[in-house]
Amino acid sequence: MEQILDAAEYLFSLHGLYGVTLKDVAQRVGVHHTLLNYYFTDKKKLFDAVIGRRAEVTVELRMAALDSYDAQTRGKPTVEGALRAFLDTDLDLYSQGGENWKNYGALGAQVSNTPYGAELMDLHFDPVVLRLIDILKKALPGCAEEDIFWGYHFVTGALMLTLARTGRINRLSGGLCDSDDFVAVKERMAAFMAAGFLTICKTPADSAR
């Protein structure tokens, strides 16, 4: 089963849900396609299983990191601290988990921009995202709630682009940056995004000054 899911994950990350057949997956594994039909009645069920398998891992790790951070700060979190618990925990999986985790990241980046993929993101990731939002509200008590949600929207957009590993930043930077360098991303992303939250969450009094 793990071989089937790994093969499907790789193929879906390259070609998407509609560019892969059960026969393609069976061929990559080296089995007859009837074996896949035995486990999965249709392609969407296989796709859902691929998304769900690693979603469970990343959600559990990030939820634990957020809960731990919230407890340690005793109701006085910082924006960057909350983002580090959420982002760094996830980035560690992609930098240390091997090629399969990187395939999963690329797949997530691809499907998050489709209606069906968004439904799967809602299903698997809403609880941990809302936990992050809860901590950000504590860190930004004077911030309009919609600005916190917009801030998260921008964060997840940057994260998905990073996970896509398109190589565009390599070409733009003339080799100074590498889209596979999750360590470099981890060093910068939370601090960069925290500054963005602090900017859009200025209160009217702050703006007047």
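The legends below describe close-up views of a predicted model. Residues are numbered from 1 along each chain as its sequence is written, and side-chain values use heavy atoms, without hydrogens and water. Local features need pLDDT of at least 70 and side-chain atom pairs count only at pLDDT 80 or more, whereas totals for chains, interfaces and linings use all residues.

**View 1. A salt bridge links Glu 2 and Arg 53.** A salt bridge is a side-chain nitrogen of Lys or Arg within 4 Å of a carboxyl oxygen of Asp or Glu. The closest N and O atoms of Glu 2 and Arg 53 are 2.8 Å apart. This pair links distant parts of the chain, with Glu 2 in helix H1 (residues 2-15) and Arg 53 in helix H4, 51 residues apart. Helices are DSSP runs (H or I, at least four residues), numbered from the N terminus. Glu 2 is partly exposed at 49% relative accessible area, whereas Arg 53 is buried at 16%. Buried means under 20% relative accessible area, exposed over 50%, and partly exposed in between (1.4 Å probe, protein chains only).

View 2. Asp 88 is buried, with 10% relative accessibility, and Arg 84 is partly exposed, with 27%.

**View 3. Helices H8 (residues 145-164) and H10 (residues 182-200) cross at roughly 160 degrees.** Their axes, lines fitted to C-alpha atoms over the stretch in contact, come within 10 Å. Angles run from 0 to 180 degrees between N-to-C directions. H8 is therefore roughly antiparallel to H10, a term for angles over 145 degrees.

**View 4. Two arginines in loops have positive phi values.** Phi is near 50 degrees at Arg 74, in the loop between helix H4 (43-73) and helix H5 (79-96). Arg 74 is exposed, with a relative accessible area of 76%. Arg 165 also has phi near 50 degrees and is found in the loop between H8 and helix H9 (168-172). Arg 165 is partly exposed, at 22%.

Technical notes:
Parallel < 35°, antiparallel > 145°, perpendicular 65-115°, else oblique.
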